[in-house]
Amino acid sequence: ATTLVTAFLICIHASPGALEAMWKYLLMCSVGVAVAFTGTLLIAASTGAAGLHGTDALLWTSLRDAVLRLDPMLLKAGFIFLVIGYGTKAGLAPMHNWLPDAHSQAPAPVSAIFSGFMLNAALYCILRCLPLVEAATGNTGWGRGILMVFGILSILVAAVFIVAQHDVKRLLAYHSVEHLGIIALGVGIGGFGSLAALFHTFNHSLCKALSFFCAGTLGQMYGSHDMRKMTRVLRSSPVWGSGLVGSLLALIGVAPFALFLSEFIILKAAVDSGSYWAAALFLTGVGVVFVGALKHAISMAWEPLTEPLPPRKIYFLEGVLVFGPLAALLVLGVWVPSPFLHVLGQAARILGGAA
């Protein structure tokens, strides 16, 4: 349903590029959902020896209670299908091809919904089945290993494309691929990595919605989303320009923004768990992203304007929409409220992470 409904949002501005992006999104995500449905059927089939019948074979609580009696081979096969299927909708590499085109062609509010909500919802479907496959395989890390591989691959693929981007919305789309990879890596590491991954999910959604709103508004002012034309944004629009540059700095993990904190905890969890290869590849990927995206941010902030822009009136509500999320990301980078941390801890425990 989400695929069918949101497909038409991509081509609100009818153009050949928007129609192509819509069809690519529709075809890839429909195939992905079909693959995920196959995974769901395989998981239901694994309940044969457990004596679950009818809808009980599809209830998460019933599967959890009977997890030790499930057929591990069918459960493993179902989980692989789920990761590939829902991973397509979540934008994990290498199933991410629809995402940059859809983000670049859709209106900014639609891109914000895609990146801040829909990608997380698809990844949530995978995370619901992770505790089941881990328990059925004796908590050997089989399912987590798969998520770590897809997470690292997403980070590295995004890093390569971020360096070469010129369209600001495609740049933000590849940041979505990177950060969904970071979340998958954190969950795959387990322990405090799971808690940090859930924290990172919230931080990324907040920051990415802000960045797309800023990119969309500046794109209307400049008449283009080409970063080579979107220069001196801090002077052209102090509010939206500051929001775009600030959100880019947060996305690349500049301290003390909250995304730096969650990424640092994921890195520490990788080192503490002995996953040195994952820590090394993670640092390599985010390092390339840091340098590449920072170059784009500096260029947009301080390179001279190619042509003057007419002045734009600043409204109070715009300042609230921009600086409110930035302030929240700064506060969460140095202090996490206890109730929020408690909720994250409860969710992490369900994933088999930190208490």
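Lys and Arg count here as positive and Asp and Glu as negative, with His and the chain ends not counted. The place of a charge is NZ of Lys, CZ of Arg, CG of Asp or CD of Glu. This is a predicted model, in which local features need pLDDT of at least 70, side-chain atom pairs count only at pLDDT 80 or more, and totals for chains, interfaces and linings use all residues. Residues are numbered from 1 along each chain as its sequence is written, and side-chain values use heavy atoms, with hydrogens and water left out.

**View 1. Charges and overall fold of the protein chain.** The chain carries 19 positive and 14 negative side chains. The centres of the two sets lie 4 Å apart. Its secondary structure comes to 15 helices and 0 strands (DSSP runs, H or I of at least four residues for helices, E of at least two for strands, numbered from the N terminus). The C-alpha atoms fill a box of roughly 70 × 45 × 35 Å along the principal axes.

**View 2. The largest nonpolar core, around W98.** A nonpolar core is a set of buried Ala, Val, Leu, Ile, Met, Phe, Trp, Tyr and Cys residues joined through side-chain atoms within 4.5 Å. Buried means under 20% relative accessible area, exposed over 50%, and partly exposed in between (1.4 Å probe, protein chains only). The largest core has 98 residues, and W98 and L244 have the most contacts inside it. Helix α6 (residues 108-136) gives the largest share, 13 residues. Another core, of 15 residues, lies apart from it and includes I152, I155, I182 and V286. Contact means heavy atoms within 4.5 Å. Beyond residues up to four places away in sequence, W98 touches K24, Y25, M28, C29, T88, K89, F114, M118 and L119.

**View 3. E318, a buried acidic side chain.** E318 sits in helix α14 (residues 316-334). Its relative accessibility is 10%, so E318 counts as buried. Neighbours within four places aside, E318 contacts V239, W240, R312 and K313.

**View 4. Two cis peptide bonds.** One joins A93 and P94, with omega about 5°. P94 is in the loop between α4 (72-90) and α5 (98-105). Another joins A255 and P256, also with omega about 5°. P256 is in the loop between α11 (238-251) and α12 (258-272).

View 5. N139 has phi near 55°, a positive value in a residue other than glycine. N139 belongs to the loop between α6 and α7 (142-163) and is exposed, at 59% relative accessible area. For R232, phi is near 50°. R232 lies in the loop between α9 (192-222) and α10 (233-236).
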